[in-house]
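Here is a short briefing on charged side chains and the strands and helix around them. Have the viewer open as you read along.

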Amino acid sequence: LGETWEEESEKINSNVLYKKREEYDYIPDEVLILTAGADIQDDRIELEVVGWCNEYESYSIDYFIIEGDPATNEVWEKLTEIL
């Protein structure tokens with residue numbers, strides 16, 4: 001019959017998770033190491049810096065969008081400055 005099926009499961013209330021977020025404008029003391037991940041697109045590089053603690057706890061420290069063509073040196077120089 002081509003009928004859709006929806007599995008019954010417990011739904012997560014995203015508002016509960018949203019209310020648990022923390023505001024901070026510094027690198028928390030428990031951060032042991034910083035990593036950076038870059039996503040290269042046709043017109044930009046998007047970069048996130050993550051701080052890692054014990055027990056796999058992590059903090060999103062900063063997020064950058066570097067506009068420009070990744071085929072040019074200018075975009076990579078901006079990335080180098082940020083890192």
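Lys78 and Glu74 sit four residues apart in helix H2 (residues 73–82), so about one helical turn separates them. In this predicted model, their side chains meet in a salt bridge, with an N to O distance of 3.4 Å. That pair belongs to a total of three salt bridges found in a search of the whole structure, and the notes below take you through the others as well.

**The helix pair**
- Lys78 has a relative accessible area of 33%, so this residue counts as partly exposed.
- For your distance list, the Lys78 to Glu74 entry is 3.4 Å, N to O.

**The salt-bridge network**
- Which residues are linked in a network of salt bridges? They are Asp43, Arg44 and Glu46.
- Asp43 and Arg44 meet through their side chains in a salt bridge of 2.7 Å, N to O.
- Arg44 also forms a salt bridge with Glu46, where the closest N and O atoms are 2.5 Å apart.
- The link between Arg44 and Glu46 shows up as a polar contact between the two side chains too, again at 2.5 Å.

**Buried or exposed?**
- Asp43 is partly exposed, its relative accessible area being 41%.
- Arg44 is also partly exposed, at 23% relative accessibility.
- Is Glu46 buried or exposed? Its relative accessibility is 16%, and because the cut-off for buried is under 20%, Glu46 counts as buried.

**Glu46 and its surroundings**
- Glu46 has its place in strand S2, which spans residues 44–52.
- Once neighbours within four places in sequence are set aside, Glu46 is in contact with Gly37, Ala38 and Asp39, and also with Tyr63, Phe64 and Ile65.

**The strands around it**
- Strand S1 (residues 33–40) runs antiparallel to S2, and eight bridges join the two.
- How many residues lie between S1 and S2 in their hairpin? There are three.
- Ala38, one of the contacts of Glu46, stands opposite Leu47 in S2.

**To take away**
- Two partners share Arg44: Asp43 at 2.7 Å and Glu46 at 2.5 Å.

Note on methods: Residues numbered from 1 in each chain as written. Predicted model: local features only at pLDDT ≥ 70, side-chain atom pairs only at ≥ 80, totals over all residues. Heavy atoms only, no water. Polar contact = N/O pair within 3.5 Å; in protein donor to acceptor, adjacent residues only side chain to side chain. Contact = heavy atoms within 4.5 Å. Salt bridge = Lys/Arg side-chain N within 4 Å of Asp/Glu carboxyl O. Buried < 20%, exposed > 50% of the residue type's maximum accessible area, 1.4 Å probe, protein only. Pairing = 2+ DSSP bridges.
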